[in-house]
Amino acid sequence: MTSESSGQSRISRRQLLGSAALAGGGLAVGSALGGVSPAFAAAAAAASNPYPSHPTWTFTLVNHVTTSEFFVPTRYGAQDACDLFNCKYQWVGSVNSIVSEMVDAMNAAIDAKVAGIGVPVIDGNAFIAPTNRALAAGIPVIAYNTAAPTTTAAKNLQMAYIGQSLFQAGQLMGQQILDKLDKGNIVVFNPSPGSLNLQARANGINDVIKKSGKPITVDNVASAATLAEAVAAVKAYYAGHPNVNGMMCVDTLTMVGIIEVMQQHHLKGKIVTGSFDTIPQVVSGITSGYVDFTIYQQPYLQGFLPIMELFLYKLSGGLNIPSSVETGLSLITKSNIGQFSKYTDRYEGSSAAQKVIPMSGPISVAAGDYPPTQLS
Amino acid sequence: MTADLTGPADVLSVDHIQKRYGAVLALRDVNLHLKDGEILGLIGDNGSGKTTLLKILSGFHQATSGQVLLHGEPVVFRSVSAARHAGIEIVYQDLALVNGLSIAENVFLGRERYRGPLRTLVHRRMRKEADEFLGRLGLANLPGMTEDVANLSGGQRQAIALARALYSQPKILLLDEPTAAMGPRETAQILDLVRRLRDEQHVSILFVNHNYAQLLEVADRVNLLRNGRIRFDKEVEDTSLEEITELVISEVRRALARQTGLPLEDAQ
Amino acid sequence: MSTDVSAPQGRSRLDVTPPTHVGGVARVSALYSRHREIAAILISVLLFIYFLVRSGSLFLGSNVATLGQFIAPIAILAVGEAMLLICGEIDLSAGNVYALAPFIVMYLSQDHLPVLLATVLAILISAFIGLVNGLITVYLHVPSFVTTLGMSFLLLGIVLVVTNGATGTPPGGNLYADIMGGGNWSELIWAICMVVIFAYLLKWTRFGTYTFAVGGNLNAAHEASINVARIKIWNFVLMGALAGLTGILDGVRVAALDPTSGGTAIMFSAVAGAVIGGTSLAGGSGSVIGAFFGAVFLETLYDGFTLEGVSEFAFDIIIGAAILIAMVVNIRFQRLRVGRRFEELEPEGDEA
């Protein structure tokens with residue numbers, strides 16, 4: 001996915017350890033097979049699959065919110081990768097981010113001697129031991145969607161991270177706010193303050209705004225993980241702060257509440273709003289002008305790439321070392337929302353059908369999107 | 001008919017007992033005495049206060065006014081165990097057995113045998129003692145002492161409840177409808193046991209029963225409790241089934257006459 | 001008895017012949033009523049065999065320790081719930097005490113209390129929460145379902161406010177961690193110890209007998225001069241302590257404390273384990289050994305199917321079906337004894 005460059009300065013992308021070509025290659029294969037049924041695709045893949053025959057390997061994707069809508073495209077991505085490479089994947093973990101359930105599931109997968117494991121590291125300590133145990137048993141482990149915090153990074157030995165750089169994503173949002181606002185007060189909603197992934201984004205926002213020196217105050221307010229409570233939280237805040245200049249959220253559900261409040265009080269165009277991810281309400285919010293921007297983290301790739309990398313690692317006996325992939329610093333605004341709003345598709349999780357999505361036109365790339373080659 | 005004054009042969013008697021539950025008057029003015037070594041049958045309509053009276057005698061309730069006398073001495077039973085200490089045991093209509101516990105456990109409920117610093121229960125000893133005791137009562141061919149009482153027949157359960165009451169060797173036994181819902185054979189066995197308790201153990205028994213014929217088989221004397229008072233007190237040999245039946249029916253007729261306004265056919 | 005009334009040989013005058021079926025059927029049902037854990041043990045064994053056949057050596061080996069870690073927390077909680085269910089009550093707040101207790105250890109330890117003392121205090125506080133549940137239920141006559149439901153929300157709120165939603169790390173050095181759930185077998189050993197202790201309590205102490213009596217027939221218990229209030233309250237206290245202990249063990253095992261962990265999900269699993277193990281929801285009968293095997297059954301399902309590669313969504317279908325099957329087995333065992341309460345007809349003609 002590309003992001004629009006408006007000529008203004010932007011945070012450059014985090015250094016990729018692997019190659020973006022890896023991501024591009026995966027997408028190319030996926031879209032080449034677009035437009036056919038999954039079964040036929042699998043058959044076609046098998047027929048044109050250059051790889052030697054191998055037992056059907058099982059990869060375990062542990063997850064912290066197994067029933068969440070957000071991960072639906074992730075599971076499509078994992079399934080497509082499995083179909084391509086003649087493997088199987090298993091989706092286990094916890095419904096409500098209960099760490100012990102995730103650890104239990106991971107341990108069972110290790111005992112089952114699966115071919116590889118992907119896990120969102122939602123706690124800095126809990127996954128250290130299971131990861132070590134997996135590695136000791138010769139099972140590769142990749143972190144996806146949430147990475148270990150820097151404080152415990154030295155002890156968390158997952159081999160790569162595929163997902164969004166959470167702090168930088170927050171910084172990106174902060175930068176957008178600075179572009180649009182010179183002074184005033186904004187609110188940042190967080191449904192679970194203190195939880196690793198969302199707090200990192202919130203910290204990024206606060207960090208950029210503080211360092212800019214601009215007279216902008218930030219209220220960090222807790223919303224909630226369920227829609228009804230999130231809406232209530234936003235309404236309660238607005239009732240006490242009707243002159244707020246901007247309302248952000250570090251999740252995606254809270255934006256629904258923000259949109260509702262804006263509709264109620266006719267705030268369209270009057271305040272700055274920003275969100276994460278692309279649930280339908282956010283997409284239509286951007287199209288209709290309620291939401292200024294959202295930051296996309298490519299959930300489909302968060303399922304596809306881990307499977308692919310684990311497969312290649314297993315196939316090559318460890319020669320193809322997994323690479324970290326930054327999937328998530330795409331800025332989506334009204335100018336590039338078109339692809340999202342026009343189609344229901346497998347990549348957004350809104351439809352299970354395999355199809356080819358036509359390109360929208362010229363591709364715009366911002367300077368610094370890909371790391372330059374260092375000569376000296 | 002009024003009751004005699006408390007005599008020297010009375011083991012348990014009540015004088016002018018009244019019991020109120022809030023605004024409801026359950027017993028008006030009850031004078032009853034149970035003689036040493038006799039079976040006193042107590043009959044009465046539903047709601048006449050029989051169960052309330054039994055509960056007062058057994059220490060479960062206290063009377064609102066009036067006196068309970070044990071061997072002529074006024075006593076107040078503040079609790080069932082106080083009454084038990086005084087030698088009074090009661091067997092409720094619902095038998096107060098715990099389903100899920102065994103025969104032995106039910107017999108010993110509340111007074112288990114234990115030993116050692118951890119007060120470990122000695123199940124084997126309790127089973128043995130219960131088995132022996134039930135045997136001595138003439139209750140053979142019961143299932144093993146470990147059998148769940150829920151699996152026993154009505155007659156067997158009654159027997160266990162009786163055994164439990166008898167285990168502390170009471171001198172006064174209060175029985176609330178012990179043969180209710182029992183077939184003729186088991187009824188006969190219970191009545192026989194009650195008789196033997198009086199004859200061989202010299203236990204004084206207050207026996208509440210709806211079945212007047214059965215009552216006349218075992219009782220020495222019959223009292224009728226009506227409207228919170230004792231209204232009949234005769235030795236069994238001085239009365240008959242006809243007289244008692246008439247006594248009971250006349251009240252029904254009277255109530256019917258009151259309701260319909262028709263003249264009373266037979267007056268008391 | 002002053003005069004010995006000895007029963008004559010053969011059929012005595014007071015012959016109360018039990019009208020039951022003879023033979024194997026009656027024996028199985030009688031066995032079940034005395035040992036309610038039988039159904040749970042049977043289905044657990046069958047499930048083990050199933051997974052052994054399907055996953056072979058994978059099910060053994062390192063998975064046994066993993067399986068133990070699945071089972072242990074549910075087993076300990078199920079023991080506590082079984083005790084409460086037997087005396088006619090329930091604790092819906094167990095999962096929230098589970099979540100709170102390890103944080104108490106963490107905070108006390110941050111205040112420089114030695115970690116062992118902090119642990120004991122946390123368990124005592126958990127027991128105290130159980131005491132509150134018991135006092136409200138017994139003396140304010142609020143059904144325990146309602147009392148503990150309210151307590152569950154209260155505790156959930158307290159945990160979230162106190163931690164601000166942030167996760168924590170359990171304190172303690174290596175030896176502490178090894179004993180308090182960190183070692184591979186540590187939590188399972190705790191669970192087995194709890195089962196042994198409580199099985200002893202139930203069968204070999206008056207407290208156990210009275211727990212059954214209070215749940216089986218409250219009036220009879222009163223009648224037998226049993227202190228009903230004390231029995232119930234003690235069971236609530238024990239449940240609270242067990243819930244706190246489990247939370248601490250699990251937190252140490254996973255090396256992470258999470259304010260949203262536990263909760264109603266783990267409580268329902270514990271109650272399900274107790275019920276599958278033969279404990280009646282109506283009170284008056286049950287078994288803590290059965291509760292242990294009920295937990296074994298439930299958690300072996302999770303572990304075994306994860307081992308097989310089944311995905312989360314299919315789990316719930318499987319768990320639901322398995323619980324239904326387990327309960328049907330329990331009920332069938334219970335009802336094998338047909339006609340137990342039917343009176344025999346009188347023989348015709350001759351004297352009875």
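**View 1. Helix α4 of chain A against helix α13 of chain C.** Helix α4 (residues 99-111) of chain A packs on helix α13 (residues 288-308) of chain C at an angle of about 50°, and their axes lie 8 Å apart. This makes α4(A) oblique to α13(C), where angles under 35 degrees count as roughly parallel, over 145 as roughly antiparallel, 65 to 115 as roughly perpendicular and the rest as oblique. Axes are lines fitted to C-alpha atoms, for helices over the stretch in contact, and angles run from 0 to 180 degrees between N-to-C directions. The model is predicted, so local features need pLDDT of at least 70 and side-chain atom pairs count only at pLDDT 80 or more, while totals for chains, interfaces and linings use all residues. Residues are numbered from 1 along each chain as its sequence is written, and chains are lettered from A and ligands numbered from 1 in the order in which they are written. Helices (H or I, at least four residues) and strands (E, at least two) are DSSP runs, numbered from the N terminus. On the side of α4(A), A:Ala105, A:Ala108, A:Ala109 and A:Asp111 meet C:Asp303, C:Thr306 and C:Leu307 of α13(C), two residues being in contact if their C-beta atoms, placed from the backbone, lie within 7 Å. By class, this contact of α4(A) with α13(C) has 4 nonpolar, 1 polar and 2 charged residues, with Ala, Val, Leu, Ile, Met, Phe, Trp, Tyr, Cys and Pro counted as nonpolar, Asp, Glu, Lys and Arg as charged, and the others, Gly among them, as polar.

**View 2. The side of chain A that touches chain C.** The contact takes 29 residues from chain A and 25 residues from chain C. On the side of chain A that touches chain C, β2 (88-93) and α4 of chain A each supply at least two residues, and the largest share, 9 residues, comes from α4(A). The residues of that side divide into 12 nonpolar, 12 polar and 5 charged.

View 3. C:Val254 lies in helix α11 (residues 228-254) of chain C. With 28 other C-beta atoms within 10 Å, C:Val254 is buried, a residue being buried if 20 or more other C-beta atoms lie within 10 Å of its own, exposed if 12 or fewer, and partly exposed in between, with C-beta atoms placed from the backbone. Not counting residues up to four places away in sequence, C:Val254 touches A:Val99, A:Ser100, A:Val103 and A:Ala126. C:Val254 and C:Pro170 are 84 residues apart in sequence, and their C-alpha atoms are 9.1 Å apart in space.

View 4. An open sheet of 6 strands in chain A has the order β7-β6-β8-β9-β10-β12, with mixed pairing, and two strands pair if DSSP finds at least two bridges between them. The edge strands, each pairing on one side only, are β7 (216-222) and β12 (330-332) of chain A. Strands β9 (residues 272-276) and β10 (residues 293-296) of chain A pair in the parallel sense over 3 bridges, and A:Gly274 stands opposite A:Phe293 in β10(A). Helix α6 (residues 166-180) of chain A packs on the sheet, touching β6 (184-190), β8 (246-249), β9, β10 and β12 of chain A, and its direction makes about 165° with that of β9(A).

**View 5. Helix α9 of chain C.** Helix α9 (residues 206-216) of chain C is mostly covered, with 10 of its 11 residues buried. Among the buried residues of α9(C) are C:Arg206, C:Tyr210 and C:Phe212.
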